[in-house]
Amino acid sequence: MNGPALWGYAAGQYHEYAINRDSYKERNGHWAVVDVPRQYRINTIHAALLHTGKVLLVAGSGNNAKNFKAKSFRTVLWDPVKNTFKNIPTPKDLFCAGHAQLADGKLLVAGGTQRYEKLEGDITKAGGLMVVHNEDPDKPVTLPAGTRFTGRSNGKTFESKDALLVPRARKTGEGADVRVTASTARVYVEALEKGREHETGTTDNYRVDGLTGDDARNVYGIANKLSFDKKDFQGIRDAYEFDPVAERYITVDPMEEARWYPTLTMLQDGRILSVSGLDEIGQVVPGKNEVYDPATKRWSYLPKERFFPTYPALFLTDGGKIFYTGSNAGYGPADRGRVPGVWDVESNEFTEVPGIGDPDLLETSMSVLLPPAQEQRYMVLGGGGVGEDRRSTARTRIVDLHDEEPRFRDGPDLYAKVRYPSSVILPDDTVLTTNGSGDYRGRSDSNVLRAELFDARDDSTRPVADPLVGRNYHSGALLLPDGRVMTFGSDSLFADKDNTRMGTFQQQIDLYSPPYLFREDRPEIKDGTPRTVALGGDTTYTVQSAEPLARARLIRPGSFTHVTNVEQRSIALDMKVAQDGRVTLTLPKDPSLVPPGWYMLTVVDRKGTPSEAVWVKVPVAEDLR
C-alpha cells in the first residue's frame, strides 16, 4: 500500500545482505561500529596509536565553547583488543594542539586553546593586541592577568586577559657607546565595559596602571586599533608528554611560542620540530619555529625564520631535510607559505618543488609518504580553497623526491571532489582513503560516503566498501596492530542541505577490516614479545605461514588530527627465510628513513596477507646522541 516506502525498506535489506556476504567482504572489506559506553563518548579531535596497542583519543574542550568555559577537558584511552575505555585527567585545553611520537614511546602534545574565536556579532567589548615594552636591562617584568593599560592620548583603559612576562631589555656596547634595546611581549586586552564608545582607531602609548618610579617609565604598552573586529582562536605554550605505561600526562617546559594548530615533526635525532599555529593573540606565528629536546625537556628557537600556514604537512625525508607537500589546514594568507618544497632546517634553504595540480586547492588536503618509504614518493589527495571557500578537488598529485628534478604529476582521481579525506597506509602497500566532504565542513549536506584503495606498486585505485557515516572536519583514521583501521570524528556546520539545522559532532567510532582480513590463512609471528633493534641490526622471529612470505614492513604508529598525519610511514625490511620457519629481518641504517621510536613490524605473504604486527623499538642512532 506504500510502494516507495516498501521498496526503500527492501533495498536497505538487500544492501545489508550484500555487504555481509563473504564474497563481498573478500573483495571490499567490511565496516563495523565500535560499542562505546556513553560515559566515554567524546568529540575526538586527535587520535594517536601508542606502543601499548591502546589509542589515545583527545577532545580537550572538543570545539565546544561551553566546555571551554566550564574547563571541561576530555581525554579517553581506548583498548581496541578488549574494547575497554578509561578517562584520563586532562591538564589544559589540548583542543587543536600538535602531537608527535617520541623515541621512548611517549607522545608529545604541545599547544592548544587559550581562547575561543569571537565573530563580529558576538563581540561586546573592544579589544585586540597590546605590545608591552620593557626598557630596563637589569630585570624582567611580570604582569598578572587583569593588568590595566590606560592610553596617554585617548584616556581609555583596557585590561589584560592573561599573565605576561616581559624579558629584560637587551644591552650592548660599553661606556658612551652603550645601547639599550627594549624587549617586547604581546598580550590580548579588552575594554573594561561594553559599548562602541570604548574602541580606538589610532595608535597610542599606554601606561601600565600600578607601576611607579623607574618601572613606570621603563614599562609601557603600544596598541593600534582596539576594536570589535573578529577575534580568532588563541593558542597556549603548554606542552606535555603522555606516558602510555603510567597512562597520564607529564608536564614539560612550555614552548617559546603559543601555538594553536601547530604541526609537530620528528627529526632524525629524535628531537621534535614545532611549526606554525595561531599565537596568544590569534595571529599565525610569523615563522618562529622551534625544537623540543626530549633529553632536556626544553624548547629552543631555530636560528632563522620560515613561515608556514597552520597544520602544514611536514615530512622527514631520507636525506634528513623536511618536505612540505603544500597540504595545510585552516589559517594563513592565500599568497604566503603555500608552495611545496624541501626545507633544509639547518641552513633554512627552501627548494620549491613545482608542478602540483590545483595549487590553490591544497588547504584541507591529505598527504601521505607512499609505501615503502625508501622510494620517497609522496601523494597529496583532494583539498579545497583557502578558508571557507566552496571549491574542492578530486585530484591526487604524486612526486618522487629521488628524481633528478622532482616535479609533481597527477595520480588517479579520487572517488569525488573532497576536503578532509583520511588516508591510512596498510601493511600490504596499499593506501586506504575514506570520507571527506565536497564543501567546507560538510556544508549543504556534502559529506561523501566513499572509500578506495590505492596500490602504491602500480598507482592504481579501486573502490571498496562504503563508510557507515559521513566524516569531514575534525575527523581522521589510524591503522591498528591487527590490520584494521579505525575512523573517528566529524564536525559538520549544518545537518541539512539548506543549512538551516546546526550540525552535531559525530562521536561514533568505526572499524574497517580490509579485504586481506577475510582470507582463510594469515601469517603469524609466534614469538612477538616487544624488542629493541638498532638501525642496521638484525632480528629473528619464528613465523607460521601457509603461503610463502613475500616481504616485511616496519610501520610507524599514526598520530592524526586535522587531515594531518606526518608520523605514518611504512619501511621495507630485508628478509631471509630459513626452512625451519625462522625469518631474519634487517633494518635500514639511515636514521632519517627510520626515525627513533616504536614501530609495528609485520610480514606479508605472496597473496598480500599481512600478519598481526609485533612491536619493535628503534633507539636513537649512536652517532646522533
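Modeller: A residue is called buried when its relative accessible area is under 20%, exposed when it is over 50%, and partly exposed in between (1.4 Å probe, protein chains only). The model is predicted, so local features need pLDDT of at least 70 and side-chain atom pairs count only at pLDDT 80 or more, while totals for chains, interfaces and linings use all residues. Residues are numbered from 1 along each chain as its sequence is written, and side-chain values use heavy atoms, with hydrogens and water left out.

Biologist: Is Glu567 buried or exposed?

Modeller: Glu567 counts as buried, at 5% relative accessibility. Its side chain meets that of Arg556 in a salt bridge of 2.8 Å, N to O; a salt bridge is a side-chain nitrogen of Lys or Arg within 4 Å of a carboxyl oxygen of Asp or Glu. Arg556 lies in the loop between β44 (549-555) and β45, and Glu567 in the loop between β45 and β46 (570-577), so the pair ties together parts that are 11 residues apart in sequence. Arg556 is buried as well, with a relative accessible area of 2%.

Biologist: How many salt bridges does the count come to?

Modeller: The count comes to 38 salt bridges. One of them joins the side chains of Glu247 and Lys54 at 2.8 Å, N to O. This pair links distant parts of the chain, 193 residues apart: Glu247 is in the loop between β20 (239-243) and β21 (248-252), and Lys54 is in the loop between β2 (46-49) and β3. Glu247 is buried at 15% relative accessibility, whereas Lys54 is partly exposed at 22%.

Biologist: Which residues of β12 are on the covered face?

Modeller: Phe158 and Ser160 form the covered face of β12 (residues 157-160), while Thr157 and Glu159 form the uncovered one. β12 also pairs with β16 (residues 183-191), antiparallel over 3 bridges, and there Phe158 stands opposite Ala191. β16 in turn pairs with β9 in the antiparallel sense over 8 bridges, with Met130 opposite Val187. In β9 (residues 127-134), 6 of the 8 residues are buried.

Biologist: What order do the strands of the open sheet have?

Modeller: The open sheet of 5 strands has the order β5-β4-β3-β2-β45, with antiparallel pairing. β5 (84-87) and β45 (559-560) stand at the edges with a single partner strand each, so one side of each is left without a neighbour in the sheet. Within this sheet, 5 bridges join β3 (residues 55-60) to β4 (residues 74-79), and Gly60 stands opposite Arg74.

Conventions. Helices (H or I, at least four residues) and strands (E, at least two) are DSSP runs, numbered from the N terminus. Two strands pair if DSSP finds at least two bridges between them.
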